[in-house]
Amino acid sequence: MDKPVWIAMLLAAALPLAAQAQTGPYPGRPIRLIVAFPPGGSVDTVARVVGPALSESLGQPVVVENRSGASGNIGMEQAARAKPDGYTILLGGNSGLVINPIAATRPLYDPIKDFAPIAVVGRNPTAIVVNPKQPMQTLKELVAYAKANPGKLSYGSSGVGTPNHLIGERLKALTGIDIAHVPYRGAGPAMTDLISGHIPVNFQSVTGQAVEMHRTGQQRILAVTSETRLAGAPDVPTVAEAGMPELTATQFIGLFAPTGTPKDIIEQIAQVARAVMGDKDLQRIFDSSGFEPELNPSPEKTRRVLANEIAQWTPVIRAIGLKLD
């Protein structure tokens, strides 16, 4: 079926539902898609792919707004406090919806009470990366070098309390290496400093840009935390293959709305998301960029994913004593 045809059918089915909650059909104006991190990171990368697809399906512009700062808390709180009318949607993941609320001394929002799940759109692993001028070629060599040179290495991440930071700290706990954490305001600045040589090691979310820079030799990916190798970089082993299966983890990325958003609008967006994620071209984009697409997203499945992630990461955060003020 041609894409314009299924889009028209989808909108025709959804608009009567929205009319029950509004004086006019939803959506009647542009939609804000809030990303709580700057451009260049995994969530922003997904937003730049999914946003236009949602826009095409909904028949209104979906404008990506990067509201970064405070490890994602600024954008997250803004999304939580937005008017629940369907015109503000959050594209978020583990950092804002799981780690920050657990580690915060005074949480600014509650991921369960303040957000209505819509759809998980994909999962994203972490890449353990080094500057190509560094001598280590494998994860084991990185650990050996760090042990032989305690305090000499540092590693970057997209911010304190991000999944990449936690995986870096998990590696330290497992191996006993002494390597300092250098937090950045997002993945883009950390990647830039790695390439320029300001930091020797980076724990970064896998993106198409990261994979391409590995291919061109601008950075070297030692291992990825996914269960299987990346389609875009099949030469890179998984952490399990590298001898550290305890590091296996992926972060989810999904759509959420402020609590109180009408259920018919939530289901309409979820229905559109299911159609969008079923598109083969979009799936190929996800695969080539290192993302695992979610093929049948739903609000209930998203609710379960969020609950499971909170249960999984709470003991890890407690164990390393992470505190976010």
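Residues are numbered from 1 along each chain as its sequence is written. Because the model is predicted, local features need pLDDT of at least 70 and side-chain atom pairs count only at pLDDT 80 or more, while totals for chains, interfaces and linings use all residues; side-chain values use heavy atoms, with hydrogens and water left out.

View 1. Strand S3 (residues 88-93) is mostly covered, with 6 of its 6 residues buried (under 20% relative accessible area, 1.4 Å probe, protein chains only); strands are DSSP runs of E, at least two residues, numbered from the N terminus. In a regular strand the side chains alternate between the two faces of the sheet. Thr88, Leu90 and Gly92 point one way from S3, whereas Ile89, Leu91 and Gly93 point the other way. S3 runs parallel to strand S1 (residues 31-35), to which 3 bridges join it, and antiparallel to strand S9 (residues 250-258), with 4 bridges. Arginine 32 stands opposite threonine 88 in S3, and glycine 93 stands opposite isoleucine 253 in S9.

**View 2. Histidine 165 in helix H6.** Histidine 165 lies in helix H6 (residues 163-175), a helix being a DSSP run of H or I with at least four residues. Histidine 165 counts as buried because its relative accessibility is 6%. Beyond residues up to four places away in sequence, histidine 165 touches Tyr155, Ser157, Gly159, Val160, His181 and Leu322, where contact means heavy atoms within 4.5 Å.

**View 3. Lysine 301 in helix H11.** Lysine 301 belongs to helix H11 (residues 299-320) and, at 24% relative accessibility, counts as partly exposed (between the buried limit of 20% and the exposed limit of 50%). Leaving aside residues up to four places away in sequence, lysine 301 touches Glu294 and Asn296. Lysine 301 and alanine 119 are 182 residues apart in sequence, yet 7.6 Å apart in space, C-alpha to C-alpha.

Conventions
Pairing = 2+ DSSP bridges.
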